[in-house]
Amino acid sequence: MPRCLYDGLRGWTQSGELAAGARLPSSRVLAAELGIGRNTALAALDHLSAEGFVVARAGAGVYVAETGFARPAAPGTAMGSRSLGLSERGRSLLALSNPPAPGHGAFVPGVPALDAFPWAAWQRLLRRHRNRQRGRWLDYGAEGGHPALKSAIADYVNITRNVRCRADRILITHGAQHAFDLIARMLADPGDVAWVEEPGYAGARVAFAAAGLSLAPVPVDAEGLDPAAGIAAWGVPKLIHLTPSNQFPMGATLSMNRRLTLIDQARRHGGWIIEDDYDSEFRYASAPLSSMQGLTTAADDEAPVLYVGTFSKTLYPGLRLGYVVLPPGLMSPMRQANVRQFREGDYVVQAALAAFMHGGGYAKHVARMRRLYARRQQCLRDVLGTDVDLIGGEAGLHVVMRLASRERETVLVAAAAEQAIALAPLSAYVADDNGEPGLVLGYANASEAEIDRAGGWLRRALAG
Ligand SMILES: Cc1ncc(COP(=O)(O)O)c(C=O)c1O
């Protein structure tokens with residue numbers, strides 16, 4: 001059976017181009033017109049008939065079946081998400097889900113240097129662990145992740161981030177997004193108030209909205225999220241998403257006073273703080289800041305801070321590995337719920353990563369990337385010159401450029417796209433339409449030559 005005849009006829013019946021009840025040409029006509037053997041045409045029709053896309057009526061020919069695939073839209077129904085059958089919740093989640101920035105390189109935010117990843121060493125580790133991991137590591141698992149990786153992460157966050165934990169308090173996840181999702185489903189009920197930073201990270205908003213929580217955007221300033229503004233506008237929250245070490249995307253550090261206020265508030269009111277520590281390894285002028293989770297005392301093991309880490313920035317986002325450090329009392333229920341809702345897996349990759357961390361390769365890679373990103377950021381600053389208003393950049397993978405108006409933002413983003421330069425508009429990082437105009441400029445995954453080219457274009461566009 002020629003695949004293209006079968007695919008074509010099937011596609012047309014599904015799209016409605018061949019309407020239900022329409023008569024198909026006979027196998028003889030199809031064969032003659034397409035220059036194929038009659039048996040081949042017959043085989044395609046037989047296959048479609050067996051799958052129910054067409055019906056053969058003895059002596060009368062072959063007709064398109066009523067499959068229900070391509071019913072015409074009801075009069076007046078707009079094509080769009082409604083006609084796709086999305087639920088109301090689906091539509092509101094879609095509205096919160098900005099399409100990812102197109103392309104790679106300059107100036108896509110949030111992507112590490114994929115060109116500098118040690119692929120050869122990583123492939124060797126994967127191969128070795130693929131050969132070694134047998135039996136239980138191919139089965140369903142329910143331990144919260146590979147023990148070797150949990151132990152490597154515990155050592156790492158203890159030393160580098162001052163996070164208080166042992167391996168048995170770590171749950172491995174498919175990246176930070178999975179952790180936000182699980183936390184929102186398990187620790188808050190539909191309608192509960194969830195504070196999110198404004199501007200802030202869309203991933204946390206989507207996870208909270210999917211769990212039916214009431215999103216409460218709280219403004220950030222030079223000291224990070226402002227708890228007093230949050231209380232005044234929304235009251236006490238059940239959940240808070242925070243990026244205290246490097247506020248996303250503005251780059252502020254949450255002040256000590258606010259950290260302590262928020263922990264105290266969560267403790268008194270039974271709330272939870274999600275400390276999203278997504279990229280603090282990359283702090284340029286000083287050592288990485290201590291975590292908020294580490295501010296709680298050893299006597300306070302059930303402190304209300306859930307520390308979430310990810311390998312998306314230190315290694316690569318497609319790896320889909322992250323973790324959450326939980327209070328001891330939450331460990332067993334969260335692990336059990338996670339197994340049922342998301343399943344564990346990828347133990348071979350987890351074992352390889354554990355070896356990378358224990359062997360020192362991970363720390364070396366992070367240190368090398370820190371130096372590379374510092375150079376790339378400096379290159380961006382050099383090419384843009386001193387007339388632009390850049391903020392952030394003490395840590396992380398992007399800087400923010402303030403612009404004078406939304407019109408300027410819109411025009412620059414559109415003009416850059418024509419030059420294959422991705423400019424992320426700052427105004428898109430807020431929930432409503434009142435966002436400050438600007439650009440979020442990611443420099444980590446662009447070579448200095450690319451930063452030079454794209455930055456030169458941007459400098460000229462700003463001057464023009
Ligand atoms: C603020 C913030 N948190 C977390 C993440 C990482 O998410 P994930 O681990 O799901 O890739 C990102 C990535 O862009 C981010 O910007």
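Trainee: How many residues does helix α14 have, and what should they span at 1.5 Å a residue?
Mentor: Helix α14 (residues 406-418) has 13 residues, which should span 18 Å. Its end C-alpha atoms are 19 Å apart, which agrees. The expected span is 1.5 Å times one less than the number of residues. Helices here are DSSP runs of H or I with at least four residues, strands are E runs with at least two, and both are numbered from the N terminus.

Trainee: What should I know about the model itself?
Mentor: This is a predicted model, where local features need pLDDT of at least 70, side-chain atom pairs count only at pLDDT 80 or more, and totals for chains, interfaces and linings use all residues. Residues are numbered from 1 along each chain as its sequence is written, and side-chain values use heavy atoms, with hydrogens and water left out.

Trainee: Back to α14. Which of its residues are buried?
Mentor: E409, L412 and A416. Buried means under 20% relative accessible area, exposed over 50%, partly exposed in between, with a 1.4 Å probe and protein chains only.

Trainee: Where do they sit around the axis of α14?
Mentor: They fall within an arc of 70°, so they line one face of the helix. The arc is that of the directions from the helix axis to the C-beta atoms.

Trainee: What covers them?
Mentor: The cover includes β14 (424-425), β15 (438-442) and α15 (448-463). The face turned away from the buried side carries exposed E407, T410, V411, A417 and E418.

Trainee: New topic. How is the chain divided into domains?
Mentor: Domain 1 is 3-64, domain 2 is 105-110 + 369-463, and domain 3 is 117-362. Those bounds come from an automatic or database domain assignment. The C-alpha centres of domain 1 and domain 3 lie 54 Å apart.

Trainee: How many residues are in the largest nonpolar core?
Mentor: It has 61. W122, F311, L423, L441 and L458 have the most contacts inside it. Helix α13 (residues 361-384) gives the most to this core, with 9 residues. Domain 2 and domain 3 each supply at least three residues. A nonpolar core is a set of buried Ala, Val, Leu, Ile, Met, Phe, Trp, Tyr and Cys residues joined through side-chain atoms within 4.5 Å.

Trainee: What is L441 in contact with?
Mentor: Leaving aside neighbours within four places in sequence, its contacts include F107, L380, L397, L423 and L458. Contact means heavy atoms within 4.5 Å.

Trainee: Now strand β9. Is it buried or exposed?
Mentor: Buried. 5 of the 5 residues of β9 (residues 272-276) are buried, so it is largely enclosed by the rest of the structure. W272, I274 and D276 point one way, and I273 and E275 the other way.

Trainee: Which strand does β9 pair with, and in which sense?
Mentor: With strand β8 (residues 239-242), in the parallel sense, over 4 bridges. Two strands pair if DSSP finds at least two bridges between them. E275 in β9 is the bridge partner of L242.

Trainee: And the open sheet of 3 strands, what order does it have?
Mentor: β1-β3-β2, with antiparallel pairing. The edge strands are β1 (23-24) and β2 (54-57), and each pairs on one side only. L24 stands opposite V62 in β3.

Trainee: Last one. Why does R340 count as exposed?
Mentor: Because its relative accessibility is 65%. R340 lies in helix α11 (residues 328-341).
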